[in-house]
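I opened this structure to look up a few residues and their surroundings. The entries below are in the order in which I made them.

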Amino acid sequence: MRIRFQASRLTIAVCMGALALACVPLAHAQALQGERTLLASDILFVTSTGFWQEASDPNVLLDPQGETDKPAGDQGGIKGYYKLIAQRQPDGTAHIHLQQIALEPQGPRIVTSAELEEFSRMHAYVTDIRPENSDGITRQPGLFATVWLKTDPTQTETESWTVLVDDIGDIRIERETN
């Protein structure tokens, strides 16, 4: 009986220790939550995709194979990726923002942020935003993403629109046709 009691006490001690360790991240997360919100509640979708690069040598961007005399990662200039964000408005519609994010040694930095007025004028109800592919590999600079939306919340079918940013930064928004 004594051995069983000690084993139970040991089991309880181990369980209490595990519970205490499990509570540490929760307490830390709750403390951080009080300090800042990771993502505002009105953000519906965030999609990061594509890439951009401002090279000191303009020929770097013209070579689709990325072959240069310089070692990889040493093309000069800054580079980064794009982010599309759907932000819910009080009336239920969404505004879509396009951001250009720079990759820097100290962390990502927003370079530009612009509302895509074409979507705002539609008073669209955004139902999804997806990148061209989700494997993280994009061979050409730019962005290609699809936005699914409804212009009337009672519609059963969604419309799909593409957001294209080419290698020189020109933005096109087009209704997708099949």
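In which strand is His 97 found? I located His 97 in strand 3, residues 94-104. Helices (H or I, at least four residues) and strands (E, at least two) are DSSP runs, numbered from the N terminus.

Before going on, I noted the ground rules. This is a predicted model, in which local features need pLDDT of at least 70 and side-chain atom pairs count only at pLDDT 80 or more, while totals for chains, interfaces and linings use all residues. Residues are numbered from 1 along each chain as its sequence is written, and side-chain values use heavy atoms, with hydrogens and water left out.

**Entry: the whole chain**

I found three helices and eight strands in the chain. Read from the N terminus, the order of elements is α-β-α-β-β-β-α-β-β-β-β. Of the 178 residues, 28% are buried; buried means under 20% relative accessible area, exposed over 50%, and partly exposed in between (1.4 Å probe, protein chains only). The chain exposes about 12,300 Å², and carbon and sulfur atoms supply 55% of that area. Accessible areas come from the Shrake-Rupley method with a 1.4 Å probe, and for residues only the protein chains shown count as cover. I also looked at contacts (heavy atoms within 4.5 Å). Among those between residues at least 6 apart in sequence, 45% join residues at least 24 apart.

Is His 97 buried or exposed? His 97 has a relative accessible area of 18%, so I put it down as buried. Not counting residues up to four places away in sequence, His 97 touches Lys 83, Leu 84, Ile 85, Gln 87, Ala 114 and Glu 115. With one of these, Gln 87, the side chain of His 97 makes a side-chain polar contact at 3.1 Å. A polar contact is a pair of N or O atoms within 3.5 Å; within protein, one must be able to donate a hydrogen and the other to accept it, and residues adjacent in sequence count only if both atoms are side-chain atoms.

I then followed strand 3 to strand 4 (residues 107-115): the two run antiparallel and are joined by eight bridges. Two strands pair if DSSP finds at least two bridges between them. A hairpin of two residues connects strand 3 to strand 4. Leu 98 has Ala 114 in strand 4 as its bridge partner.

**Entry: Gln 89**

Gln 89 sits in the loop between strand 2 (78-88) and strand 3. I counted Gln 89 as buried because its relative accessible area is 18%. Leaving aside neighbours within four places in sequence, I found Gln 89 in contact with Ala 94 and His 95. A polar atom of the Gln 89 side chain lies 3.1 Å from the backbone oxygen of Gln 87. Gln 89 and Tyr 125 are 36 residues apart in sequence, and their C-alpha atoms are 9.5 Å apart.

**Entry: Met 122**

Met 122 belongs to helix 3, residues 117-122. Why does Met 122 count as buried? Met 122 counts as buried because its relative accessibility is 18%. Outside four places in sequence, Met 122 touches Leu 149, Thr 151 and Trp 161. I read 9.5 Å between the C-alpha atoms of Met 122 and Ala 94, which are 28 residues apart along the chain.

**Entry: Ser 160**

I placed Ser 160 in strand 7, residues 159-165. Ser 160 is buried, with a relative accessible area of 14%.
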